[in-house]
Amino acid sequence: MARKVTVVGAGNVGATAAMLIAEMELADVVLIDVIEDIAAGKALDLTETAPLARYDSRITGFTNDYARAEGSDCVIITAGLARRPGMSRDDLLSTNMVIMRAVAREIASAAPDAILIIVSNPLDAMCHVALENSGFPKERVIGMAGLLDSARFCAFIAMELDISMEDIQSFVLGGHGDTMVPVPRYSTVAGIPITEMMTAEKINAITERTRNGGAEIVGLLKTGSAYYAPAYAAVRMTEAILKDKKRIMPCTVYLEGEYGINNLFIGVPVKLGAKGVEEIIKIRLTDEEKKTLHASAAAVQRLVDDMKRLR
Ligand code: NAD
């Protein structure tokens with residue numbers, strides 16, 4: 001039986017994710033959006049792409065018809081507003097909270113066994129809304145942020161060293177915001193720590209650029225935020241789940257004591273497989289890294305507290 005992925009929000013990230021899933025023939029895709037016919041239009045366009053791109057994944061699109069999500073293995077939620085210049089991710093909180101609440105409830109009743117991959121911002125806070133309103137176990141509510149932030153870190157390392165993008169591995173932990181925590185010690189080029197290949201000043205500059213990576217693109221696009229890399233990151237997570245690959249990736253997951261953080265979604269390395277989050281990998285951090293991670297967690301906690309006040 002073909003696997004099935006529902007993508008809620010047929011905008012830039014959602015439609016790009018749908019295209020990638022089809023191109024990789026990972027699953028059939030159902031697109032759902034609140035705007036009349038937009039999901040159907042994009043699904044038809046992607047279906048007409050199939051003979052050219054040579055895929056057989058079926059893509060369909062619907063307006064607010066959540067019954068179509070029935071039987072989904074994964075649901076990628078991108079519904080909500082995106083940033084514009086001058087906005088922080090946190091500025092999206094009140095609007096996207098209401099959207100995420102409704103979407104999570106709809107999906108929970110239509111596809112109760114699905115694994116949720118949350119993309120909408122502010123990411124960590126939206127994961128809390130999705131967990132609470134879906135009623136799903138924590139293993140099946142996973143936020144996409146660390147993989148994207150790590151890809152940005154990798155790209156900047158490759159650009160700086162003038163080397164292939166292929167050989168770089170990096171880790172960015174923490175919340176998906178200005179307080180994210182790139183970890184140069186665990187970032188390597190073909191197994192060589194980048195600390196061996198770059199000066200501390202260069203690494204600091206790359207770390208800072210990574211923290212501002214989203215804003216840099218918003219500043220250039222002006223009418224929205226990044227979507228190619230975000231969509232790819234969400235699809236790589238989907239692939240790891242659908243193929244039970246047990247890949248180790250930085251994902252935003254609900255911590256209950258790990259890393260000394262309690263009852264909070266935050267980015268840490270996890271094992272992703274058919275059951276969703278199959279393990280939270282505990283890596284040793286220096287005191288400085290711990291301090292930065294806890295500062296990031298405190299920023300996420302403030303947003304979670306703000307949401308309680310907004311209710
Ligand atoms: P977009 O505006 O292109 O698309 C969003 C889509 O959601 C629109 O088509 C809109 O009609 C739809 N939508 C709004 N309310 C809805 C609802 N109630 N039900 C169904 N659909 C609804 O935005 P985008 O660039 O695709 O970004 C989507 C979200 O992802 C934003 O919140 C953005 O900030 C976030 N994002 C997160 C990351 C990350 O790293 N986690 C990266 C990029 C974007």
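Predicted model: local features only at pLDDT ≥ 70, side-chain atom pairs only at ≥ 80, totals over all residues.
How many aromatic pairs does a search of the whole structure find? The count is two.

1. One of the aromatic pairs is formed by Y227 and Y228. The pair is tilted, at 4.6 Å centre to centre and with 35° between the planes. Y227 has a relative accessibility of 22% and counts as partly exposed, whereas Y228, at 60%, counts as exposed.

2. The rings of Y254 and F265 have their centres 5.3 Å apart, and because their planes stand at 55° this pair is tilted. Y254 belongs to strand β12 (residues 247-256) and F265 to strand β13 (residues 262-273), so the pair ties together parts that are 11 residues apart in sequence. Y254 is buried, with a relative accessible area of 15%, and F265 counts as buried at 0% relative accessibility.

3. A further ring is involved with a charge. The charged end of R140 is placed over the ring of F136, at 4.4 Å from the centre of that ring.

4. The domain assignment divides the chain into domain 1 (4-145) and domain 2 (146-310). The C-alpha centres of domain 1 and domain 2 are 21 Å apart. Domain 1 supplies 43 residues to the contact, and domain 2 supplies 52 residues. Between them the two domains bury about 3900 Å², of which 73% is on carbon and sulfur atoms.

5. I21 deserves a separate entry. Apart from its neighbours within four places in sequence, I21 is in contact with V5, V7, L26, A27, V29, S57, I76 and V235.

6. A79 is located in the loop between β4 and α3 (93-110). Is this residue buried or exposed? A79 counts as buried, because its relative accessibility is 11% and the cut-off for buried is under 20%. When neighbours within four places in sequence are left aside, A79 is in contact with V8, G9, I99, V103 and S120. For A79 and V103, the separation is 24 residues in sequence and 8.1 Å in space, taken C-alpha to C-alpha.

7. V189 is part of strand β10 (residues 188-189). This residue counts as buried, at 7% relative accessibility. With neighbours within four places in sequence excluded, the contacts of V189 are I157, L161, I163, D167, I168, I194 and M197. V189 and C154 are separated by 35 residues in sequence and by 9.1 Å in space, C-alpha to C-alpha.

8. Most residues other than glycine have a negative phi, and most peptide bonds are trans. The peptide bond from N121 to P122 is cis, with omega near -5°. P122 is placed in the loop between β5 (115-118) and α4 (123-134).

9. Which phi values do E25 and N64 have? E25 has a positive phi of about 50°, although it is not a glycine. E25 is found in the loop between α1 (12-23) and β2 (28-33), and with a relative accessible area of 45% it is partly exposed. N64, a residue other than glycine, has a positive phi near 55°. The loop between β3 (59-63) and β4 (74-77) holds N64, which counts as partly exposed at 42% relative accessibility.

Note on methods:
Residues numbered from 1 in each chain as written. Heavy atoms only, no water. Contact = heavy atoms within 4.5 Å. Phe/Tyr/Trp six-rings, centres within 6.5 Å; stacked < 30°, edge-to-face > 60°. Buried < 20%, exposed > 50% of the residue type's maximum accessible area, 1.4 Å probe, protein only. Helix = DSSP H or I, 4+ residues; strand = E, 2+ residues; numbered from the N terminus. Lys NZ or Arg CZ within 6 Å of the ring centre and 35° of its normal. Domains from an automatic or database assignment. Buried area = accessible area lost by both parts, 1.4 Å probe.
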